[in-house]
Amino acid sequence: MSPTGRKTPATHAHRHDAQAFVRDVSRVCDERGLRLTAIRLRVLELVAEARIPVKAYDLLDRLKDGPGMAAPPTVYRALDFLLEHGFIHKLESINSYVGCHHPGEAHQVPFLICDRCSSAMEICDEQVAVLLTAQARDRGFTPASQTLEVHGTCASCSDRPHS
C-alpha cells in the first residue's frame, strides 16, 4: 500500500536482453502471421541493442555499414511496421524509438526520460492510461492514442554530480 492508502501498482523488472526481445517479437509475428522482413528485423535488432532511445537517422547510419542499401524511406517504413504492431514505442518529445517491454500486448504506457543520460524508462501501470482516457472522456474528448513523457533526472544521474 502507498502512504495514501491506495494499492500500489506492481512493478516490472526490465532487463536489457536484446536477443530475447527480438526472439519475442519474431514469435509474435509468427503467431499473428506478420512478415518480419530482413530490413524490419535489422531495424528491430538495432533498436533492441541500443541502451538509450535511438533516432531514425542513427539507425540509417548503422544500416549503411551492413549489406544492401538503406534509404530513409526504407527505415521509416520498417519503423512504421514495428510501431503499428506495438513492438517499439516512439518518444515524440525526443523523436526517438525504444523497444517495447511487452511486444505481445497492446498497451499505452508513459515514459520517464532522463535529460542527462537520455535513458527512457517504460512505466508499466495500466492505471495511468485508464485515468487519462477517463479524464478525456469526462470532457467529451475521444482519445485516439496516448503519449505521456515525463522529463527529468533518473536515479543514476541524481546520484552523481552534474557536469
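# Packing, cores and rings: worked exercises

In helix α1, the residues A18, F21, V22, V25 and S26 meet L41, L44, E45, A48 and E49 of helix α2; contact here means heavy atoms within 4.5 Å. Helices (H or I, at least four residues) and strands (E, at least two) are DSSP runs, numbered from the N terminus.

Before we start, a word on the model. It is a predicted one, in which local features need pLDDT of at least 70, side-chain atom pairs count only at pLDDT 80 or more, and totals for chains, interfaces and linings use all residues. Residues are numbered from 1 along each chain as its sequence is written, and side-chain values use heavy atoms, with hydrogens and water left out.

## Exercise 1: the α1–α2 pair

Task: describe how α1 and α2 pack, giving the angle, the distance between the axes and the hand of the crossing.

Solution. 
- Step 1. Two packed helices are described by the angle between their axes and by the distance between those axes.
- Step 2. Axes are lines fitted to C-alpha atoms, for helices over the stretch in contact, and angles run from 0 to 180 degrees between N-to-C directions.
- Step 3. For α1 (residues 18-32) and α2 (residues 38-49), the angle is about 145° and the axes are 9 Å apart.
- Step 4. Sorted by class, the contact of α1 with α2 has seven nonpolar, one polar and two charged residues. Ala, Val, Leu, Ile, Met, Phe, Trp, Tyr, Cys and Pro count as nonpolar, Asp, Glu, Lys and Arg as charged, and the others, Gly among them, as polar.

## Exercise 2: one residue of that contact

Task: is L41 buried or partly exposed, and which residues does L41 contact beyond its neighbours within four places in sequence?

Solution. 
- Step 1. L41 sits in helix α2.
- Step 2. Buried means under 20% relative accessible area, exposed over 50%, and partly exposed in between (1.4 Å probe, protein chains only). L41 has 26% relative accessibility, so it counts as partly exposed.
- Step 3. With neighbours within four places in sequence left aside, L41 is in contact with V22, S26 and L36.
- Step 4. The C-alpha atoms of L41 and V25 are separated by 9.3 Å, and these two residues are 16 apart along the chain.

## Exercise 3: the nonpolar cores

Task: find how many residues the largest nonpolar core has, and which helix gives the most to this core.

Solution. 
- Step 1. In soluble globular proteins, nonpolar side chains tend to be buried together. A nonpolar core is a set of buried Ala, Val, Leu, Ile, Met, Phe, Trp, Tyr and Cys residues joined through side-chain atoms within 4.5 Å.
- Step 2. The largest such core has 26 residues, and V43, L44, L59, L79, L82, F87 and I88 are those with the most contacts inside it.
- Step 3. α1, α2, α3 (56-64) and α4 (72-84) each supply at least two residues of this core.
- Step 4. The helix that gives the most to this core is α1, with six residues.
- Step 5. Apart from this core lies another, of five residues, including V98, V109, F111 and I113.

## Exercise 4: the aromatic pairs

Task: how many aromatic pairs does a search of the whole structure find?

Solution. 
- Step 1. Rings of Phe, Tyr and Trp (its six-membered ring) pair if their centres lie within 6.5 Å; planes under 30 degrees apart count as stacked, over 60 as edge-to-face and the rest as tilted.
- Step 2. The search finds two aromatic pairs.
- Step 3. Y57 and Y76 form an edge-to-face pair, 6.4 Å centre to centre with 70° between the planes. Because Y57 lies in helix α3 and Y76 in helix α4, the pair ties together parts that are 19 residues apart in sequence.
- Step 4. F81 and F87 form a tilted pair, 6.4 Å centre to centre with 55° between the planes.
- Step 5. Y76 is partly exposed, at 31% relative accessible area. F81 is buried at 8%, and F87 is buried at 0%.

## Exercise 5: positive phi

Task: where is N95, and where is S118?

Solution. 
- Step 1. Most residues other than glycine have a negative phi.
- Step 2. N95 is not a glycine, yet has a positive phi of about 50°. N95 is in the loop between β1 and β2 (96-99) and is partly exposed, with a relative accessible area of 41%.
- Step 3. S118, also a residue other than glycine, has a positive phi near 70°. S118 is in the loop between β3 (111-114) and β4 (120-122) and is partly exposed, at 33% relative accessibility.

Methods: Left-handed = near helix turned anticlockwise from the far one by under 90°.
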